[in-house]
Every structure is written in C-alpha cells, then in structure tokens.
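Hi,

Here is the structure I promised to pass on.

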Amino acid sequence: PDALVELTLAEAGRIDPERLTRLHESRLRLSPYALGMVGLAEHLAAQAEGADEGGGVWAARRDVVVRNLKQFVVRDAENQSAYLDLPGGYWWRWYGSEHEAHAVFLRLLTATEPRADLAPGVVKHLLANRRHASRWNSTRDTAMVVEALAEYSLASGESAVEGEVEVWLDGKRRATQSYDA
C-alpha cells in the first residue's frame, strides 16, 4: 500500500523523498508489483529533477529496481513472450494480482526502455493471458493492463502506423478503409 501511495503522489507531482527512499531501501522485501510501483515513482522523481536519462539519484535507483525486477523474468522463445515468474502471494487481494504486476512492469519498461526486446514479450504475454480473449480478471486489472498497453504503443511508435484495411465477405471486397496515426 505504501508503494501505491507513493506512486499516486508522484503522478500528482508531490514526491515524498523520505518515503520513496525508505521504500527503495526495503525493496528486497517488497512484492514485484510493489517494486514496480516504486520504480515508476522513482522514474517520475527523476523526470521532476530533469535527470530521467541516466543522471541523478532517482534515475540510478529506478535502474536498480528495473534490474531487480528483471531477475524474475522468464522468456518463452517458442511464444516470443516474456513474463515475471512471480512468487506466491495474495492472489485474492488487489496487491497480489499477476496481471496488475505485469502491467506495472510494462509501464516501467515503457518508461525506461520502450524499444528493447523485453517489453514486446511482456505485451504478448499480457495479450495471451486474457479471459475469453477480451478481458483480464477484473475491471481494475483490465484497466491497468489497457493503460500499460496504450503507454507502450505510444512510446514504442507502434501507434504511428499507416495502412489500409479491406473487408472481404463471400469472396468480394465490401469495404476499404485507410488510416494513419
């Protein structure tokens, strides 16, 4: 809960350096979900001090958190996906949600390395683990995953594509639609 509070404050531009430092120092006792929230808060703190591209204390701490989380990553070469091998937890509570943990991890990867090869694997894992191909476990985790996917799409450049869609029915082209970013 403290990590969520700190992330919420950081998103509102009200960073509490003491609490964020305390959370960072206790990061090895945090769940991967909470650790991801701490990393996002540190990223926002680095941006606030103008040092998000590698300089500054907050950026260095954020990078430590990313390395800590990457220790849980399992890559599935056959499916071209990647996921966090999450230790057991409180799956019946909001802070134990596997999907939310992956969404926070994706947001952190998007903020730090959107064009690296790990983020697309996490996206593929999230998309492959929907219920009935349309949602995740709850409204809350569905919203968090959709938000993470949207951030990734914008940061990676995947939303800036152009193309044309054709609709075919019974062997006949029924419609054509062009689109751009």
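This is a predicted model: local features need pLDDT of at least 70, side-chain atom pairs count only at pLDDT 80 or more; totals for chains, interfaces and linings use all residues.

Residues are numbered from 1 along each chain as its sequence is written, and side-chain values use heavy atoms, with hydrogens and water left out.

**The core**

Let's start inside. A nonpolar core here is a set of buried Ala, Val, Leu, Ile, Met, Phe, Trp, Tyr and Cys residues joined through side-chain atoms within 4.5 Å. Buried means under 20% relative accessible area, exposed means over 50%, and partly exposed is in between (1.4 Å probe, protein chains only). The largest such core has 39 residues, and F105, L106 and V122 touch the most other members. At least two residues of this core come from each of α1, α2 (17-25), α3, α4 (57-70), β2, α5, α6 and α7. Those labels are DSSP runs numbered from the N terminus: helices are H or I with at least four residues, strands are E with at least two. In general, nonpolar side chains tend to be buried together in soluble globular proteins.

Which helix gives the most to this core? That is α3, with nine residues. Helix α3 is mostly covered, with 14 of its 17 residues buried. Its length works out too: α3 (residues 32-48) should span 24 Å at 1.5 Å a residue, and its end C-alpha atoms are 24 Å apart, which agrees. (The expected span is 1.5 Å times one less than the number of residues.) Just after α3, G50 takes a positive phi of about 75 degrees.

Contact means heavy atoms within 4.5 Å. Leaving aside neighbours within four places in sequence, F105 is in contact with L69, V73, L84, L118 and V122. A101 sits in helix α5 and counts as buried, at 3% relative accessibility. Not counting residues up to four places away in sequence, A101 touches Y33, L84 and L86. The C-alpha atoms of A101 and M37 are separated by 8.9 Å, although the two residues are 64 apart along the chain.

Strands β1 and β2 (residues 81-84) run antiparallel and are joined by four bridges; strands pair if DSSP finds at least two bridges between them. V73 has L84 in β2 as its bridge partner. The two strands form a hairpin with four residues between them.

Most residues other than glycine have a negative phi. Q80, in the loop between β1 and β2, has a positive phi of about 55 degrees although it is not a glycine. Q80 counts as exposed, at 60% relative accessibility. D170 also has a positive phi of about 55 degrees without being a glycine. D170 is placed in the loop between β3 (163-169) and β4 (172-179), and is exposed, with a relative accessible area of 69%.

**The salt bridges**

How many salt bridges are there? The count comes to nine, taking a salt bridge as a side-chain nitrogen of Lys or Arg within 4 Å of a carboxyl oxygen of Asp or Glu.

R107 and E11 meet in one of them, at 3.0 Å from N to O. This pair links distant parts of the chain, 96 residues apart, with R107 in helix α5 (residues 98-112) and E11 in helix α1 (residues 2-11). R107 counts as buried at 12% relative accessibility, whereas E11 is partly exposed at 44%.

R75 bridges to D117, with the closest N and O atoms 3.4 Å apart. R75 is in strand β1 (residues 73-76) and D117 in the loop between α5 and α6 (118-128), 42 residues apart. R75 is partly exposed at 48%, and D117 is exposed at 58%.

E100 pairs with R140, and their closest N and O atoms are 3.0 Å apart. E100 belongs to helix α5 and R140 to helix α7 (residues 139-156), with 40 residues separating them. E100 is buried, at 2% relative accessibility, while R140 is partly exposed at 36%.

Cheers
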